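Please look at the sequence and the structure below. The paragraphs after it go through helices and aromatic rings in turn.

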Amino acid sequence: MVTTRRRWLAPVAMSLFVLSGCAVKSSVHSYAEPGADLRRFHHYAWGPADRSPTGDPRLDNNEIVEGRIHTAVDRELAARGLLKAASGPSDLVVHYHTSVSQRIDLSQREPIDPCPDCKPFIYDAGTLVIDVVDASSGKVLWRGWSEGNVDGVVGNQRWMEERIESDVTRMFRRLPR
């Protein structure tokens with residue numbers, strides 16, 4: 001019985017390892033204005049929606065994606081003690097922008113050894129940028145962004161939601177507070 005388990009355990013473990021390498025990954029970055037003290041702010045509001053084209057018509061003016069981004073950001077800001085202003089003035093304004101563009105990855109090619117069978121990897125690269133702005137000065141105090149391959153993600157609602165949740169959570173870990 002033990003040998004039977006070992007026979008199928010190795011292939012299953014290897015399959016999971018290989019599949020995890022195929023998972024869509026993104027990199028997350030942030031910038032904080034030097035000296036910005038976000039502890040002095042208490043309320044935030046969402047700025048007007050960005051109506052610039054994203055580069056993918058499935059994302060342009062997509063209320064579902066917009067709602068998912070708002071929900072994830074609201075959760076992260078609330079966890080850091082910031083309250084969403086119901087009405088009236090707020091200390092901070094939050095904006096976001098998404099874009100998709102086609103990219104070419106040539107990293108598989110060796111610069112010294114010619115590779116007749118090597119082909120560039122062409123993919124859709126997505127970027128989500130979130131800005132936290134001082135409402136009184138209009139100055140960006142913090143910017144978080146994620147970027148990565150979105151092939152297959154944009155057309156799959158479950159993957160898109162998971163990607164937004166994951167990227168927003170990872171971005172806001174970098175928010176100084």
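At the start of helix α2, a side-chain oxygen of N62 comes to within 2.9 Å of the backbone nitrogen of I64. This is a polar contact, meaning a pair of N or O atoms within 3.5 Å; within protein, one must be able to donate a hydrogen and the other to accept it, and residues adjacent in sequence count only if both atoms are side-chain atoms. The model is predicted: local features need pLDDT of at least 70, side-chain atom pairs count only at pLDDT 80 or more, and totals for chains, interfaces and linings use all residues. Residues are numbered from 1 along each chain as its sequence is written, and side-chain values use heavy atoms, with hydrogens and water left out.

Helix α2 covers residues 63–79. Helices (H or I, at least four residues) and strands (E, at least two) are DSSP runs, numbered from the N terminus. From first C-alpha to last, the 17 residues of α2 reach 24 Å, close to the 24 Å expected at 1.5 Å a residue; the expected span is 1.5 Å times one less than the number of residues. Just after α2, G81 has a positive phi of about 85°.

Which residues of α2 are buried? They are V65, I69, H70, A72, V73, D74, E76 and L77, where buried means under 20% relative accessible area, exposed over 50% and partly exposed in between (1.4 Å probe, protein chains only). Among the elements covering them are β2, β4, β5 (121–134) and α3 (157–172), with contact taken as heavy atoms within 4.5 Å.

Helix α3 also has a cap: a side-chain oxygen of N156 lies 3.1 Å from the backbone nitrogen of R158, at the N-terminal end. The buried residues of α3 are M160, R163, I164, D167, V168, M171 and F172. Viewed down the axis of α3, they fall within an arc of 140°, so they line one face of the helix; the arc is that of the directions from the helix axis to the C-beta atoms. Their cover includes β1 (26–32), α2, β5 and β6 (140–149).

The structure also holds three aromatic pairs. Rings of Phe, Tyr and Trp (its six-membered ring) pair if their centres lie within 6.5 Å; planes under 30 degrees apart count as stacked, over 60 as edge-to-face and the rest as tilted. One of the pairs, W46 with Y96, is edge-to-face, at 6.3 Å centre to centre and 85° between the planes. Because W46 lies in strand β2 and Y96 in strand β4, this pair ties together parts that are 50 residues apart in sequence.
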